[in-house]
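Dear colleague,

Please find below the structure that I was asked to pass on to you. A short account of the findings follows it.

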Amino acid sequence: MECPHIPKIGYGEFGKRLREKIGAKRMPLAGSLELTFRCNLRCVHCYLGDARAGNPEKEELSHSEICDLVDQIVEEGCLWLLLTGGEPLLRPDFLEIYTYAKQKGLLISLFTNGTLITPQIADYLQDWRPFLVEITLYGRTRETYERITGVAGSYERCLRGIELLLDRDVPLRLKSMALTLNKHEIPAMKEYATGLGVGFRFDPMVNAGLDGAREPTNLRLAPEEVLELDLADAERAEEWRRFCARALQLAPDPERIYICSAGMRSFHIDPHGLLSVCIISRGRSYDLRRGSFHEAWHGCLPEVRDEAASGAYECNQCELISLCGQCPGWAQLEHGDQEKRVDFLCQVAHLRAQAFAAQPPAMPSQGIVVGRVDR
Amino acid sequence: MSFSEEIYRHHDSIVSRRIEDEVILVPIRQNVADLESIYTLSEVGARIWEQIDGRRTTAEILHLIVEEFEVTEEEAEKDLKEFIEQLSAIGAITRV
């Protein structure tokens, strides 16, 4: 029913209106909360997981600590919250945490591998409907999927989880990481999702481990293969054309190293209560067990966010910076230096600019070797 | 019972949030009319929403609105009635 006193508005439209209203002011509208680093799968490309997550003995945030943090972020204006992991459903108190956050009026997205979804959990999500559930699909055959996840039986359990949510009309989207091991099944994964009537996206940009481990990057596609996947999907190619048109209009900022919304509109909290500007950029974090979210958001994160670039940083002077995804977080993981160029990102960005920009920028004469297979 | 004596309370399937100067109603459970959208409230709507607490009568709320906003009692009563009907229709309030 459309009523004149209570205008109904879509979430996307409302988000846009809110961001316009907030303008240049910092406000933690969207956050991600890793409930655990633990996972029941052993994915070969995982950048965190129990194996890479620092001190495994360190205690995860308790249920009451999480509820307290939820209260604090709501107080500061958070509306969108992503619950992720590790595998968040491994926490026995997951539904209690989820319900608490829902009751506070947060719009909850859930990232899961889907293998632990039971009929009871699906029933609960049907009643307490999330904003979105995203399940990662690692392949469209058992062999490929389990070659990546390393756990026998996980493919069937994932498909079962997908069915359970679909049967109950829970908002669902599928996604994948495009790796050397599953690249050939990306089209079949999309076809499967389309057949189910749900959205599908994939990401070929594999970053190094949180501990700096290079193993995940060995599974990267070559830059040319990334572009091939973009071009093979007409819908995706069109999205890249539109994105290029927007991104190439944004002027680089040679003064700063951050150009995104990290620490401006968004934040990340890890399972031990460490607050950082985003899920990738965790070089400087603040222990929320020792201070409040308010203090950290207003007192500490601005220092990270406003960090000035040294004269040696070349990427923030590049016209493709908004297209390529180069950021201090990626560079830190790749090189241990937040201002060093990530060649993989750079090469893919140049290829995409050539393929999708209405007026492709000139190719660099040196520095970037486009065409070289460099993972 | 006449309209002026009615008392309403918020339904626990919908939550209100104030972010910046926007007041929104966020549906959180399945039995609310539409989970795909949120509802935004005007300044007057937000003030009425705050007053719906399971204790105040609609007459008391009407009195407050007439005092705080530039509106005639007649107009305010008509709008309040419509607003209460619409909040009930989307499952945001229930009669005590």
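Chain A contains 14 helices and ten strands. Please keep in mind that this is a predicted model, and that the values in this message are computed from it.

The overall dimensions of chain A come next. Its C-alpha trace spans about 60 × 55 × 50 Å along the principal axes. The radius of gyration of chain A is 21 Å, which agrees with the value near 21 Å that a compact globule of 375 residues would have. Of these 375 residues, 43% count as buried. Contacts within chain A may also be sorted by separation in sequence: among those between residues at least 6 apart, 72% join residues at least 24 apart.

The second topic is the interface. Here, 23 residues of chain A are in contact with 25 residues of chain B. On the chain B side, the elements that contribute two or more residues are strands S2 (14–19), S3 (22–27) and S4 (37–41), together with helix H3 (73–89). Sorted by class, this side of chain B has 13 nonpolar residues, six polar residues and six charged residues.

Which strand of chain A is joined to S4(B), and by how many bridges? It is strand S1 (residues 8–10) of chain A, and three bridges join the two strands, which run antiparallel. Within this pairing, A:Lys8 stands opposite B:Tyr39 in S4(B).

With kind regards

Methods
Residues are numbered from 1 along each chain as its sequence is written. Chains are lettered from A and ligands numbered from 1 in the order in which they are written. This is a predicted model: local features need pLDDT of at least 70, side-chain atom pairs count only at pLDDT 80 or more; totals for chains, interfaces and linings use all residues. Two residues are in contact if their C-beta atoms, placed from the backbone, lie within 7 Å. Helices (H or I, at least four residues) and strands (E, at least two) are DSSP runs, numbered from the N terminus. Ala, Val, Leu, Ile, Met, Phe, Trp, Tyr, Cys and Pro count as nonpolar, Asp, Glu, Lys and Arg as charged, and the others, Gly among them, as polar. Two strands pair if DSSP finds at least two bridges between them. The radius of gyration is taken over C-alpha atoms; the globule rule is 2.2 Å times the number of residues to the power 0.38. A residue is buried if 20 or more other C-beta atoms lie within 10 Å of its own, exposed if 12 or fewer, and partly exposed in between; C-beta atoms are placed from the backbone.
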